[in-house]
Amino acid sequence: MDCYQHIGKYIGEIHRASCMYFGKKFSKFGIGAGQYLFLLNLYKNDGITQEELTEKVKLDKATTARAIKKLEDEGYVRRIKKESDRRAYKLELTEKAEQIKDDVYYIMNEWESKIRKCFTDAESQELMNLLNKLSKSSLINKEDVNE
């Protein structure tokens, strides 16, 4: 049984390594490994609701709420009640978030480069295709994960 290999083991190892890397790199901004994903999505979708952000990052509402609260406390995000639905919040990036945008993308690109160094260009593209396929498969959706 010791020789049994499974994909989840390797995905977990890569995920933990990325969390440590991002935790270290983003700490100077007061952002943890749990918030950068939300910040990246807001750079691309400034002004979306908290619920829309939850769907984009494929995490639960409570995790999104905690991450947004942390980003709000650090001065990177403002939550604004929507006029059309007073229960919903629109999320807006602050000037402070815009000031670190280039740094955030630099850190992300740095990690991407570290990963891609292990592969040829063709292998890297194939890995991206396979991971994209897996991510979009019916195996990886909220309903199945929450069963």
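**Reading a helical chain**

Tutor: Start with one packing detail. The buried residues of α6 pack against α1 (7–26) and α2 (36–44). Helices (H or I, at least four residues) and strands (E, at least two) are DSSP runs, numbered from the N terminus. Buried means under 20% relative accessible area, exposed means over 50%, and partly exposed lies in between (1.4 Å probe, protein chains only).

Student: What kind of model is this, and how are residues numbered?

Tutor: The model is predicted: local features need pLDDT of at least 70, side-chain atom pairs count only at pLDDT 80 or more, and totals for chains, interfaces and linings use all residues. Residues are numbered from 1 along each chain as its sequence is written, and side-chain values use heavy atoms, with hydrogens and water left out.

Student: How many helices and strands are there in the protein chain?

Tutor: The protein chain has 8 helices and 2 strands. Walk along the sequence and the pattern reads α-α-α-α-β-β-α-α-α-α. The C-alpha trace spans about 55 × 35 × 30 Å along its principal axes. The chain has 147 residues, and 26% of them are buried.

Student: What share of the contacts joins residues 24 or more positions apart?

Tutor: Contact means heavy atoms within 4.5 Å. Take the contacts in the chain with a separation of 6 or more. Residues 24 or more positions apart account for 51% of those.

Student: Back to α6. What length is expected for this helix?

Tutor: The expected span is 1.5 Å times one less than the number of residues. Helix α6 covers residues 101–116, which makes 16 residues. From first C-alpha to last it reaches 22 Å, close to the expected 22 Å. Now try α1. Its 20 residues should span 28 Å at 1.5 Å a residue, and its end C-alpha atoms are 28 Å apart, so the two agree.

Student: Which residues of α6 are buried?

Tutor: Here is the general idea. An α-helix has 3.6 residues a turn, so residues three or four places apart point the same way. In α6 the buried residues are Val104, Ile107, Met108 and Trp111. They cover an arc of only 95° around the axis, which puts them on the same side of α6. The arc is taken from the directions from the helix axis to the C-beta atoms. On the other side of α6, Asp102 and Tyr106 are exposed.

Student: And which residues of α1 are buried?

Tutor: Gly12, Ser18, Tyr21, Phe22 and Phe26. Their cover includes α2 and α6.

Student: Why is α2 called largely enclosed?

Tutor: Count its buried residues. In α2, 7 of the 9 residues are buried, so the helix is largely enclosed by the rest of the structure. They are Tyr36, Phe38, Leu39, Leu40, Asn41, Leu42 and Tyr43.

Student: Where is Ser124, and what is it in contact with?

Tutor: Ser124 is found in helix α7. This serine counts as buried because its relative accessibility is 5%. Beyond its neighbours within four places in sequence, Ser124 is in contact with Arg116 and Phe119.

Student: Now a loop. Where does Asp46 sit?

Tutor: Asp46 is in the loop between α2 and α3. At 43% relative accessibility, Asp46 counts as partly exposed. Leaving aside neighbours within four places in sequence, Asp46 is in contact with Leu91, Glu92 and Leu93. Asp46 and Ile31 are 15 residues apart in sequence and 18 Å apart in space, C-alpha to C-alpha.

Student: What is the phi of Lys58?

Tutor: Phi of Lys58 is near 60°. That is a positive value in a residue other than glycine. Lys58 lies in the loop between α3 and α4, and α4 covers 61–73. With 54% relative accessibility, Lys58 counts as exposed.
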